[in-house]
Amino acid sequence: MSQILKNRWLLISALLLSFSLHAQQVNEIQGVVTTDGETPFMGAVIQLVGTDHLAYSDEQGQYRLSGIAPGEYTLLIDAVGFNTIESRLTLAAGEDLTLNFLLEESRTELDEVVVQGKTSMEKAREQIVSAKVVDVKSVSREPATVAELMNRSAGIRIRESGGLGNNTEVSINGFHGKSIRYFKDGIPLDYLGDGYNISNLPLNSLERVDVYKGVLPISLGADALGGAVNLVTNNHNRTDFNASYQIGSFNTHRISATGNYADRDRGWYTGGEVFYNYSDNDYDVEARVPDPETKIPTWENVRLFHNAYKSYYGEAYVGLKNKAWVDDMQLSLATYGIHRDQQHPTLMIDAYGAITLDQRSIIPSLRYKKAFFDGRLKFDQFLSYNRITKERVDTLAGKYDWHGNFTPNPHRVGESPQPSQAKIHYDNFTSRTNLSFDLNGRHKLEGNVVVTRSKRKGSDPLGIKFQGTDIDVLSLPATYLKLTSGLGWNYTILENKLTNNLNVKYYGYRSEGVDGFRAVETELDKIQGTQGHSWGLADGLKYEIDREHLIRLSGEYARRLPDQEELFGDSDTRVPNFDLEPERSLNLNLNYRLQKSKYQMEAGLYYRQTKGMILLVPIQSPYAQYQNLENVRGFGFDFDLKAKVWRFISVQGNLTYLSNRMYGITDPVDRWKNHSRLRNTPFFYYNLGLNAELKDVLSKGDFLNLYTHYNFVREFYLNFIPKDKEPDGFLGLWGSSKVDVTTKIPDQHLVSIGANYRLGNLPLHIGAEIKNITNAKLYDFYRVQKAGRSFQVKISYSIN
């Protein structure tokens, strides 16, 4: 592994030296769009047909397309209400063009205006690999979370273990946990710890969220099996400022601000973002409370009293653009802190009243982008090094019950089975290198290498010691090194209608550490190490029947390496497992998309066959451990429809059905699990939404948006149940299972309504929402109950 890394850095150094010696000027087209030769026009779409080069004219009518390879092109200029302009041109190597355009007003009355240019949102939706694009920017004034927006999408289910800031996982077509990888602008998100994720992010930090189902683009560079989530932040090409304050039930407060200043003439920009979250999360739940006399537990409604969450995140950056030696370079410094009260263990079986979890870090990072050889070769490098500190405190001499009553016990320290005063440091290094080379406009090669290294070392005076010594298990370092690399070949034929992308990937990892969970087995000479490597192959195909219809087909044979938390645990209730093996999976996806001006429809089918699937499994209260299950085979489908039914009313809906089942179990004791559904995983859910947009309601220029959302989740099961115990209805969609109520998570119905109002032409928005208006009981993550009815109000201010 070390020799591989050395060779990699030598290769990168050689490439950088070669690029600096042979770099040529990047081709560029720029100009001004006007309506009468003098009046600038803002918002015109300027696009090189058949390429990804797209721009919009700004307030001065100016536009710029850069990084263009030599060749013959058709330049398209499209603006609503004006005639479309097409201009054919030839671009020589090293040549820059200045082209100004005069728009002529269209004299034709149109029932429907079709804009040929595609926004970044539309291009993301039409990638070769199937991606669900969650438009965050258009709903950023709603008092909602990123997780809630994603939960309204087909094939996507957000699993939460409580209120604001609690553990959140994305489930894509039934695959969840570490099978899903997370990114920020294409960079693996691990280096930011828990400080930047979908559970605490404000909406105005993002432009969109790309959710990939199955095969991933080579640029993401990850060993995911089930899919990936890429958080796409706002671009830095303009000067803007956004701020918001949200207040809600359970003493919830959310404050955020983002700002950017761009000096395009001098080629630099600077900005930052900051957000703060706080909530008591003291909502009512139903818990099994032991009777004071008989000690027999019965179900009672209680209020959570030790479930608060507080976090902050801040980032400042400065960047350079369009220089001779760099296209875009950004240096940033981020910091975050998290404090969380722990109310109960993995399952809601015991109440805690004093256990706390804290996390903090300072994160510098650098990103450098440069195009060479007339824009045909593009280089993108990201580097970051930081230390994440995690603390867990469980030192109370006594115990709380579910009603908040405290019983002292001077003979025992700690509420949980494992008392703790742990302080653990994680030193993280992340490097991501991406190279892409456009061979001739139709063929493109792309390579991606991601190296991550983590070292854990800490202390816990109350923790596990080596047998017969006073040496703290956490005092010995544990290390994790992973290399993920890939090479992709992308080509288009049939007049750009058919696009194919073939990828090959190589994965390697090495880890060393101590499994201190079972103290009697822990000795100084039992330092455990594990390593492995594997290859993966993927292919994606997209066929554009016409501008409205496209079909996508993808397949992948891949492996997912166990990550550091799965191997080391989390120093809390998730314990180590150094015997984990990589997951192996065969994934097939078929997708059809129809795009009309008044409605859009998308349908998908998938097939998965996974061996050694890694899932979090309760083992001994209150602990859980990541384990390789036997084999899982699944298929499913999803359907998504959006339509504008009237000039100001639109509807949307989607549904997802999954059939992920165990197979190939030969152990006589567990053979009955064959054909049983994957436990703790919803298999059918759907969403419905209604949206009304009204203008000039109370005053000229104001805007009112009214919306309601409904989500249904079919009953699913906390543990494996025999197939003959499942509901008798078609595909299990109705009826009731023949199992104990404690094993079953019942049907769930979530209804929310909201409104957002803009005050005239002022840059001020007021949003209000009632979540779970029926106060229904909602569950997730091993039957952990979520909040009931809540009220949220949000005020947003923006300057663009």
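Author: Helices and strands here are DSSP runs numbered from the N terminus, a strand being a run of E with at least two residues. The model is a predicted one.

Reader: In the loop between which strands is Leu494 found?
Author: Leu494 is not a glycine, yet its phi is positive, about 55 degrees. The residue sits in the loop between strand 29 (478–493) and strand 30 (498–513).

Reader: Is Leu494 buried or exposed?
Author: Exposed means over 50% relative accessible area. Leu494 has a relative accessible area of 52%, so the residue is exposed.

Reader: Is Asn772 buried or exposed?
Author: Asn772, not a glycine, has a positive phi of about 55 degrees. Asn772 is placed in the loop between strand 45 (764–771) and strand 46 (779–780). Buried means under 20% relative accessible area. With a value of 2%, Asn772 is therefore buried.

Reader: How many helices and strands does the protein chain have, and how does its radius of gyration compare with the globule rule?
Author: The secondary structure comes to four helices and 48 strands. For 800 residues the globule rule gives 28 Å, and the chain is close to that, so it is as compact as a globular protein of that length; its radius of gyration is 27 Å.

Reader: What share of the residues of the protein chain count as buried?
Author: The C-alpha trace spans about 90 × 65 × 50 Å along its principal axes. The chain exposes about 35300 Å², of which carbon and sulfur atoms supply 56%. Of the 800 residues, the share that counts as buried is 54%.

Reader: How far apart do the centres of the positive and negative side chains lie?
Author: The protein chain carries 91 positive and 94 negative side chains. The centres of these two sets are separated by 2 Å.

Reader: Which residue in strand 23 stands opposite Gln330?
Author: Strand 22 (residues 328–341) pairs with strand 23 (residues 356–372) in the antiparallel sense, over 14 bridges. Within strand 23, the residue opposite Gln330 is Arg367.

Reader: Which residue takes a positive phi in the hairpin of strand 23 and strand 24?
Author: Strand 23 and strand 24 (residues 377–394) run antiparallel and are joined by 15 bridges. The hairpin has four residues between the strands, and the residue with a positive phi, near 50 degrees, is Phe373.

Reader: How far apart in space are Tyr592 and Tyr543?
Author: Tyr592 belongs to strand 34 (residues 583–595), and counts as partly exposed at 25% relative accessibility. Leaving aside residues up to four places away in sequence, Tyr592 touches His549, Leu550, Ile551, Met601, Glu602 and Ala603. Tyr592 and Tyr543 are 49 residues apart in sequence, and their C-alpha to C-alpha distance is 9.8 Å.

Methods
Residues numbered from 1 in each chain as written. Predicted model: local features only at pLDDT ≥ 70, side-chain atom pairs only at ≥ 80, totals over all residues. Heavy atoms only, no water. Pairing = 2+ DSSP bridges. Rg over C-alpha atoms; globule rule 2.2 N^0.38 Å. Buried < 20%, exposed > 50% of the residue type's maximum accessible area, 1.4 Å probe, protein only. Areas by Shrake-Rupley, 256 points an atom, 1.4 Å probe, with all protein chains shown as cover. Lys, Arg positive; Asp, Glu negative; His and termini not counted. Charge placed at Lys NZ, Arg CZ, Asp CG, Glu CD. Contact = heavy atoms within 4.5 Å.
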